[in-house]
Amino acid sequence: MMKILVTVKEVAEVEDDFEIDGLGIDEAYLEYDLNEWDDYAVEEAVQIAEAGDDVEVVSVTIGPERSEETIRMALAKGADRAIRVWDDAFESVDLLDVAAKTRLLAAVVEKEDPDLVLTGVQAADDGFGATGVSVADEVGFEWAAVVNELDLDADGGVANVRRELEGGVEELTEVDLPAVLTIQTGINEPRYASLRGIRQAQRKEIAPMSLDDLGFDASALDSPIALTGMSEPESESDATLFEGDAEETAAQLAEVLREKGVGAQ
Amino acid sequence: MATTQADSSLTGEQRAIRDVVREFAVEEIRPTARSADETETFPEEVWDGLAELDLTGLTVPEEYGGFDADRTTYSIVNEEVAYGQLAVATALSVHCLATECIAAFGTDEQKERWLPDMAHGRPVGMFALSEPQAGSNPAQMETTAIRDGDEYVVNGDKQWITNGQRGEVCILFAKTDPDDPSSVTQFLVPKDAGIEVGQKEKKLGLRASDTTGLKFDDVRIPAENRLTEEGKGLSAAFTILTGGRVGIASQAVGLAQSALDEAREYAHEREQFDKPISSIQSIRHKFADMATQVHASRLMVREAARQEDAGEDNRVSAAMAKYHASEAAVDVSNEAVQIHGGYGYVTEFDVERLYRDSKITTIYEGTSEIQKEIIARGVLDG
């Protein structure tokens, strides 16, 4: 029996035109969806489960009741059950920082005792990009970040991974289980949930967990970080149009890339 | 656009299905739409995708590997697939009509033979009721199926058959007595029993849909392929078509919504007189009318579906929904072209195709005139 825990997050997405109101964006401009990176993490876990004999996939989220609809999509794609961490105390918290998320998720990891934890590399909204590795450190698991290929040797207790480093460099490495891997987009092709998957997901368990259930009180959410302002970054576009046939435009593109230093050693 | 009231009454399962099918429509169907229309080719890879989502088994009972959707879910799926491309939704709804007929009237043996495979997408179904001289009045049909020992011998021509080339299983309506208009009977005819496929129709819109005539020239089928009792074919067809009408109305809503969304995006981007045209009152009023039309259509469709799910008689409400939603789809796509100005008249923008596609919704599966006849009968003679 192998257990994979996948952390998922419902993220807010803004419409093209939106207005910032104080420290937030008005709800009218927001839509909520499963974090893109987490979608790849779920798919990776489900593919491992489909290829294996006895693999349980559990997804865990920190989020309000509204997020159940999003979490159910992970169940529809093949996760077996879910855990949703929430508490009234969250309502008064503006910013849930990495340390707080780490405390909560580490407590869930310790309760569930999985062989493998998959997280997305980052969340599309707050984008700290640190939670996965931070959880690994807290629970003392091995870890690999920004994984774009995974070959799991469950019997040998090893995950063979390829991970992205900076500057287009990649690393092949082995990670001993239990481990936390943060999953990069493109590692697989996430499926659409099927209608039957959606129907089954309505009957799957989403277990609620409060701070108390995890052995914490409201102080677990305290953070030294405060949100002090929100603004839209100024953007400008500088488009270059190449004209001519494929050979000419390729030459022009190569010129620009050389100027920008691409391919330089 | 903000969630409409029509969506707040959906169950969690229905909302999830709506979201997934909408995403599939935008990501997988829409990108193939222009080329499918230009080349008049049905996008088979999209069909395979529909099958993976279980959509081809939408109206197949669960025991035969289908999803056995309620009418509301059926409506949502039709709306969202049509949001991607009407021709794909049309092909799917005809396939569903065929599986519904087999599920409702077939023997256990027939269901076992056809439904599990059809639920998985292939063979594709066809529904052969119309004829060159029998459109709104199907009782006028001339195709005959004459009993000969253990077989029926079929002769005649069928017209406007969706999935005509790609389909393999035909639900056929034919008279068992050429002189008796009340002898129309429903049969299941596999393509390979000897059906000849006619030329593909050249159409104003819906050009990715595979529409042909079918010719039956002494086609012999075993007597057990008869789905209804002799003479019970038309009443069976009308029951199935009432549900189908909700599907077509839903497709009209999906098409109108996509025209509205395309126009909305364009109106925000297009600047004239130093401002986006979305800030000009004459344009804004068009959007108010279009959005109201789409919203009203969707509510009518959902109510007709709800009535069917509740076991209520929805013949009049389904006819009202089909009439209103299809006429609204023509109006809304017409205004979407107008808002695009000259750009709406060229194939570079999707509204040109949506405008051409919209017209068929007021014609097929009961013209607006036939819907009004049904509505008037309910109002005056009910």
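Q: What classes of residue line the second largest cavity?
A: Four are nonpolar, four polar and none charged. Asp, Glu, Lys and Arg count as charged; Ala, Val, Leu, Ile, Met, Phe, Trp, Tyr, Cys and Pro are nonpolar; the others, Gly among them, are polar. This is a predicted model: local features need pLDDT of at least 70, side-chain atom pairs count only at pLDDT 80 or more, and totals for chains, interfaces and linings use all residues. Residues are numbered from 1 along each chain as its sequence is written, chains are lettered from A and ligands numbered from 1 in the order in which they are written, and side-chain values use heavy atoms, leaving out hydrogens and water.

Q: Which residues make up this second lining?
A: Thr7(A), Leu105(A), Val109(A), Val117(A), Thr119(A), Thr131(A), Gly132(A) and Val135(A) do, as lining residues of the second largest cavity. Helix 3 (98–112), strand 8 (116–120) and helix 4 (131–139) of chain A each give two or more. Helix 4 of chain A gives the most, three residues. Helices (H or I, at least four residues) and strands (E, at least two) are DSSP runs.

Q: What makes a space a cavity, and how many are counted?
A: On a 1 Å grid, a 1.4 Å probe fits there but cannot get out; lining residues have an atom within 4 Å of a point. Two cavities of 30 Å³ or more are counted.

Technical notes:
1 Å grid on protein atoms, 1.4 Å probe; cavity = no way out; pocket = protein on both sides within 12 Å on 5 of 7 lines; lining within 4 Å. Points joined across faces, edges and corners; volume = space filled by probe spheres on them.
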